[in-house]
Amino acid sequence: MVLSGQHAFITGGSRGIGLACARALLAQGASVTIAGRDAVALERAADSLRTGNARSGTQVPRVDICVLDVTDEAAVHAAIAAAAQQLGPITILLNNAGQAQPAPFAKTTSRHWQQMLDVNLTGAFHCTQAVLPQMLEKGWGRIVNIASTAGLKGYKYVSAYVAAKHGLVGLTKALALELATKNITVNAVCPGYTETDIVQDAIANIMQKTGRSEEQARAELAAGNPQQKLVQVEEVANAVAWLCQPSSSAMTGQSIAVAGGEVM
Ligand code: NDP
């Protein structure tokens with residue numbers, strides 16, 4: 001229970017990687033607020049977290065939900081203030097909300113470009129600005145940005161997403177330096193293709209564009225991973241939970257690939 005007394009705010013916590021991270025942080029004793037745009041999905045996810053927590057016999061950690069769109073600056077600031085009222089100052093921020101819509105560069109409209117930057121990069125900027133004063137006041141904090149291997153290398157047909165995730169890695173490094181003497185660490189976790197809805201969408205897109213079967217499309221994505229498999233959400237959550245521990249205090253400004261050796 002190394003995180004007992006901490007309050008983790010997780011954007012995109014209703015499913016996929018964010019939900020797995022919420023589960024891992026709860027298991028270490030943190031209270032968690034999961035945030036996203038869909039109240040029903042958040043309630044469902046929160047119920048599953050509460051049930052898992054009760055089964056583990058742990059009583060203290062609490063789970064709350066927060067409906068917000070990370071691209072809406074005013075809504076982010078209001079929601080984060082409300083979350084702190086409910087479960088106490090936020091000391092762990094997981095900037096996880098993201099979208100990965102593909103388009104060849106020639107067909108990338110400025111609207112699409114802006115949307116990818118808004119959700120994957122500016123959303124993290126808004127949330128971090130809203131949470132940081134609480135961490136500074138507490139004198140302790142952990143910020144983990146879920147970037148991607150697309151923040152470390154290029155992939156074709158997702159140039160806007162790749163640009164946004166490289167931006168998120170850059171933000172991670174710059175902010176880590178600014179906060180280095182404040183007991184607040186800032187790191188990026190960079191998953192490879194991970195078994196979630198985003199990958200289901202990518203598989204559907206490959207099937208539609210190429211006529212390949214689901215099995216072939218899945219194998220194509222897994223082929224980029226030297227372990228020849230899709231990453232599992234728990235593998236990403238393990239890295240996140242470790243970075244959030246007090247004993248990880250010397251880890252800052254890092255971008256850790258969780259990708260079976262795809263990037264090294
Ligand atoms: P999912 O699509 O499963 O989940 C995305 C989450 O983000 C949902 O909870 C969604 O909730 C939320 N979300 C999306 N847009 C917004 C928004 N504008 N405001 C608030 N919440 C939002 O994705 P993953 O779990 O796969 O992805 C999580 C993160 O991991 C993303 O940043 C993604 O880029 C990154 N990643 C994923 C990889 C993969 O292969 N799966 C690989 C590398 C990185 P709702 O729609 O209800 O708002």
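Is Cys190 buried or exposed, and what is its relative accessible area? Cys190 is buried, at a relative accessible area of 0%; here buried means under 20% relative accessible area, exposed over 50%, and partly exposed in between, with a 1.4 Å probe and protein chains only. The legends below describe a predicted model in which local features need pLDDT of at least 70 and side-chain atom pairs count only at pLDDT 80 or more, while totals for chains, interfaces and linings use all residues. Residues are numbered from 1 along each chain as its sequence is written, and side-chain values use heavy atoms, with hydrogens and water left out.

**Figure 1. Overall view of the chain.** The secondary structure comprises eight helices and seven strands; helices (H or I, at least four residues) and strands (E, at least two) are DSSP runs numbered from the N terminus. Along the principal axes, the C-alpha atoms occupy a box of roughly 50 × 40 × 35 Å. The radius of gyration of the chain is 18 Å, in agreement with the value near 18 Å for a compact globule of 264 residues. That radius is taken over C-alpha atoms, and the globule rule is 2.2 Å times the number of residues to the power 0.38. Of the 264 residues, 49% count as buried.

**Figure 2. Cysteines without a disulfide partner.** The whole structure contains zero disulfides, a disulfide being a pair of cysteine sulfur atoms within 2.5 Å. For Cys190, the closest cysteine sulfur is that of Cys21, and because the separation is 13 Å, it is too far for a bond. Cys244 is likewise in no disulfide, the nearest cysteine sulfur, again in Cys21, being 8.2 Å away. Cys244 counts as buried, with 1% relative accessibility.

**Figure 3. Polar atoms facing the ligand.** In Thr196, a polar side-chain atom lies 2.4 Å from an oxygen atom of the ligand. In Asp69, a polar side-chain atom is 3.0 Å from a ligand nitrogen atom. In Arg15, an N or O atom of the side chain is 3.2 Å from an oxygen atom of the ligand. A polar contact is a pair of N or O atoms within 3.5 Å; within protein, one must be able to donate a hydrogen and the other to accept it, and residues adjacent in sequence count only if both atoms are side-chain atoms. The protein covers 96% of the 880 Å² of accessible area that the ligand has on its own; such areas come from the Shrake-Rupley method with a 1.4 Å probe, and for residues only the protein chains shown count as cover.

**Figure 4. The shell around the ligand.** Which residues come nearest to the ligand? Among the 29 residues around the ligand, they are Ser14, Arg37, Tyr161, Thr194 and Thr196, where a residue is near a molecule or strand if one of its heavy atoms lies within 4 Å of it. By class, the shell holds eleven nonpolar, twelve polar and six charged residues. Ala, Val, Leu, Ile, Met, Phe, Trp, Tyr, Cys and Pro count as nonpolar, Asp, Glu, Lys and Arg as charged, and the others, Gly among them, as polar. Helix α6 contributes the largest share of the shell, three residues. Ser14 is located in the loop between β1 (7-11) and α1 and counts as buried at 17% relative accessibility.

**Figure 5. Loop residues with a positive phi.** Tyr157, although not a glycine, has a positive phi of about 70°; Tyr157 belongs to the loop between β5 (141-146) and α5. Gln228, also not a glycine, has a positive phi of about 60°. The loop between α7 (214-223) and α8 (233-244) contains Gln228, which counts as exposed at 53% relative accessibility.

Figure 6. Ile90 sits in the loop between α3 (73-87) and β4 (92-95) and is buried, with a relative accessible area of 0%. Ile90 and Pro133, 43 residues apart in sequence, have a C-alpha to C-alpha distance of 9.5 Å. Asn238 lies in helix α8 and is exposed, with a relative accessible area of 54%. Its C-alpha atom is separated by 9.2 Å from that of Leu25, 213 residues apart along the chain.
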